Amino acid sequence: MPKDETSTSNYTGPIPDPDILTAKEFWEGTQNQNLVLPKCKSCKEFFFYPRIICPKKGCHKTDIIWEVASGKGYLYTFAIQHVAIDGWKEKLPFVTAFIDTDEKVRMLSVLKNVDASQPQSIIIGSRVEVKFEYVNDDISIPYWEIINDK
Ligand SMILES: [Zn+2]
């Protein structure tokens, strides 16, 4: 949803408290409907979650840049959630998923607009695209949807 004065949120889940030391750029990106990922300037590899040191074996450099990612990837695996606490209860059942992005990072996220009562209809390896749920003027939360794009 575009961020404007008419934006309202139906979001009931927990609201992240962004770590401005390591993830400021990530959350600024989500406000603009962009998936922005950390990338090591030395080994040129993207990584996730955000941190101040490159996690790649043999690298561990601290020169990190941020780039707008494709926002696309593949469904690596998923789980149907039938039990949850707090604001997540209202969304049950919902689907959590590991997404392998085109930048070769794996993200734990939520897969929406799938039928959680029919898990056999959710196909591992499906092409997915990131979307963003507006929470407030500081936070939009990424989630993923299956798309028909090979
Ligand atoms: Zn590196």
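**Questions on a predicted one-helix, seven-strand chain**

Modeller: In this predicted model, the 150 residues of the chain would have a radius of gyration near 15 Å as a compact globule, and the chain has 16 Å, which agrees.

Colleague: Over what dimensions does the C-alpha trace of the chain span along its principal axes?

Modeller: The radius of gyration of 16 Å agrees with what a compact globule of 150 residues would have. Taken along the principal axes, the C-alpha trace spans about 45 × 40 × 30 Å.

Colleague: In what order do the elements of the chain run from the N terminus on?

Modeller: The secondary structure comes to 1 helix and 7 strands. Reading from the N terminus on, the order is α-β-β-β-β-β-β-β.

Colleague: Which element gives the largest share of the largest nonpolar core?

Modeller: This core has 17 residues, of which Leu-75, Val-95, Ala-97, Leu-111 and Trp-144 touch the most other members. Two or more residues each come from α1 (24-31), β1 (36-40), β3 (72-81), β4 (94-101), β5 (106-111) and β6 (127-134). The largest share, 3 residues, is that of β4.

Colleague: Which residues make up the covered face of β4?

Modeller: In a regular strand the side chains alternate between the two faces of the sheet. In β4 the uncovered face holds Phe-94, Thr-96, Phe-98 and Asp-100, while the covered face holds Val-95, Ala-97, Ile-99 and Thr-101.

Colleague: Which residue in β5 does Ala-97 stand opposite?

Modeller: β4 and β5 run antiparallel and are joined by 6 bridges. Leaving aside residues up to four places away in sequence, Ala-97 touches Leu-75, Thr-77, Phe-78, Ser-109, Leu-111 and Trp-144. The residue that Ala-97 stands opposite in β5 is Ser-109.

Colleague: Which residue in β4 is the bridge partner of Gly-73?

Modeller: β3 and β4 pair in the antiparallel sense, over 8 bridges. Within β4, the bridge partner of Gly-73 is Thr-101.

Colleague: What is the phi of Lys-104 in the turn between β4 and β5?

Modeller: The two strands run antiparallel, and they form a hairpin with 4 residues between them. Lys-104 lies in that turn, and its phi is positive, at about 65°.

Colleague: Which residue in β7 is the bridge partner of Val-128?

Modeller: β6 and β7 (residues 140-146) run antiparallel and are joined by 7 bridges, and a hairpin connects these strands through 5 residues. The partner of Val-128 in β7 is Ile-146.

Colleague: What is the omega of the cis peptide bond that joins Leu-92 and Pro-93?

Modeller: Pro-93 is found in the loop between β3 and β4. The cis bond from Leu-92 to Pro-93 has an omega of about -15°.

Colleague: Where is Tyr-49 found, given the cis peptide bond from Phe-48 to Tyr-49?

Modeller: The peptide bond from Phe-48 to Tyr-49 is cis, with omega near 10°. As for its place in the chain, Tyr-49 is found in the loop between β1 and β2 (64-68).

Notes
Residues numbered from 1 in each chain as written. Predicted model: local features only at pLDDT ≥ 70, side-chain atom pairs only at ≥ 80, totals over all residues. Rg over C-alpha atoms; globule rule 2.2 N^0.38 Å. Core = buried A, V, L, I, M, F, W, Y, C linked by C-beta atoms within 7 Å. Buried ≥ 20, exposed ≤ 12 C-beta atoms within 10 Å, placed from the backbone. Contact = placed C-beta atoms within 7 Å. Pairing = 2+ DSSP bridges.
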